[in-house]
Structures are given as structure tokens and as C-alpha cells.
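Hello,

Here is the structure I promised to pass on. Please have a look at it first, and then read my notes below.

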Amino acid sequence: MSNVEVVNFKRTLAISRSILYDFLSSLYLYPRNLNDFNNFVKSKINAVKSASMSLTNIYDFKDLNEVMRYAEKVNDYDSLTQIEADLTRVDYGVPPYEGYVHRGYFDVGVESMVNAIYTEFGMSVNKGFRDLRGDHIVIELSFMSYLAYKSYEDFEHYEKYTDAEINFLINHLAVWIPIFVIRALNLKLKTSYVKGILRFTRYFIQRDKEVITSLGDLS
């Protein structure tokens, strides 16, 4: 590829991955009502479809596409309640916190560690939003979205942000999320929606680590 083609590819990859990580993060937020579900999930589907279309030669979006098809049909409280019940099963059965998955309890040390990383790169965690700890899956996936966007926005420092992404994947997400997903899928989940979210999260984290690591091979 020419230099221009490499730059265009990296920028497209960055903004598309930012959109995908943001969507994944939103999928783990408990929707208290239909308005929540529309804001967190349905309002983002068109952007996610566009992002995934641009990366179809790099990632497999089968599970994510099934999740989006399911989400588009959620228009009443009966269908939403099924999703709420499954997300509650996950939250109580395998709390989606890095420290909890590692230790079996809410480890303040793990939360402090990831919060320090967020601060280093200029991302603040709003403790008022759902009172989520810094090592919750929603926050960690949001951080990946933030880093990917920064690599797109501040392309002059692209490697700074992609290096941070690689480190966060290798040392955090790719370590605990596969364990979390295996345990969560062993729960008695009822919806293909939540099962699909879990399967895609595990796949995307593992595949994304390969993709981002290989960027250094581009000339």
C-alpha cells in the first residue's frame, strides 16, 4: 500500500473500531425502560452497521449482526423484560468486573490500576453514571473506544494510542473477558440476544488484539 492508503486504512480502522467498542459497552448497560434501550442500543445500530461493513474483510460479524436483528425487534416491555432478566442473571451470576473475575471479590487494587491508566490518557470516569466501578466491563470497553477515537482524531500521535490499546488488551481485556464469557454462558440464559453479545465480545477482543498488533507490519 502507498503511504496515503496506509493512512486511510488506519483512520478507517480506528473510527470503525471506536464505534464498535462504544456499542459493545452500551450493550452491557442495564436498560431500565424502552427509552434506555433505544438510547443505548437501537439509536446506534445504523452507525454500527456502517462501521462493520467497512471491516467485513477483517472481522466476523455474524454474532453481532444477530444481536442487532434481535434488538431491532424489541418494541415492547415483554421483549425488553427478557433481556433485562438475562442481564440480571449475568450481573449476579458473574459480576462483569475485572477484579471480581480475577479474585472472586471486588478488588480495589484492580480498580485503582485501571483508573490510573484512564487518567494517564485523559479519560475521566463519571461515578455518578450507574455508579459503575472503573473495572466494570462497560468502562473498560468505553476506554478502548476512547483510545481508538483518539488515534483517529489525533493521528499525529497514532502509535501512542494504539500502543496503549495493545497493552490494555494484552494485560486486561484479553485476560479476563474470555473467562467471564465462559462463566456467563454457563448460566441459564434465555435470550439469543445476551448470548450473542457474550460470544461476540469474546471473539472481538481476541481478534482485535491480533489486528491491532499486526498494524506495525504495514509499510
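Are α1 and α3 oblique or roughly parallel to each other? Helix α1 (residues 3-27) and helix α3 (residues 45-53) pack with their axes 9 Å apart, at an angle of about 135°. The two helices are therefore oblique to each other. For the wording, angles under 35 degrees count as roughly parallel, over 145 as roughly antiparallel, 65 to 115 as roughly perpendicular, and the rest as oblique. Axes here are lines fitted to C-alpha atoms, for helices over the stretch in contact, and angles run from 0 to 180 degrees between N-to-C directions. Helices are DSSP runs (H or I, at least four residues), numbered from the N terminus.

Before going further, a word on the source. This is a predicted model, in which local features need pLDDT of at least 70 and side-chain atom pairs count only at pLDDT 80 or more, while totals for chains, interfaces and linings use all residues. Residues are numbered from 1 along each chain as its sequence is written, and side-chain values use heavy atoms, with hydrogens and water left out.

The confidence is given as pLDDT (the predictor's confidence in each residue, from 0 to 100). The protein has a mean pLDDT of 94, and 98% of its residues reach 70 or more.

α1 passes α3 in a left-handed crossing, meaning that the near helix is turned anticlockwise from the far one by less than a right angle. On the α1 side the contact (heavy atoms within 4.5 Å) is made by Ser16, Ile19, Leu20 and Phe23, and on the α3 side by Ile45, Ala47, Val48 and Ala51. By class, these residues divide into seven nonpolar, one polar and no charged. In this scheme Ala, Val, Leu, Ile, Met, Phe, Trp, Tyr, Cys and Pro count as nonpolar, Asp, Glu, Lys and Arg as charged, and the others, Gly among them, as polar.

Ile45 is buried, with a relative accessible area of 3% (buried means under 20%, exposed over 50%, and partly exposed in between, with a 1.4 Å probe and protein chains only). Leaving aside neighbours within four places in sequence, Ile45 is in contact with Phe23, Met68, Ala71 and Glu72. Phe23 lies 22 residues from Ile45 in sequence, and their C-alpha atoms are 8.2 Å apart in space. Lys49 is also in helix α3, and at 32% relative accessibility Lys49 counts as partly exposed. Not counting residues up to four places away in sequence, Lys49 touches Met68 and Glu72.

Helix α9 (residues 158-185) and helix α10 (residues 192-213) cross at roughly 150°, and their axes come within 9 Å. These two are therefore roughly antiparallel to each other, and α9 passes α10 in a left-handed crossing. Their contact has 15 nonpolar, four polar and five charged residues.

Finally, look at Val211 in helix α10. Val211 counts as buried, at 6% relative accessibility. Not counting residues up to four places away in sequence, Val211 touches Leu13, Ile58 and Tyr59.

Best wishes
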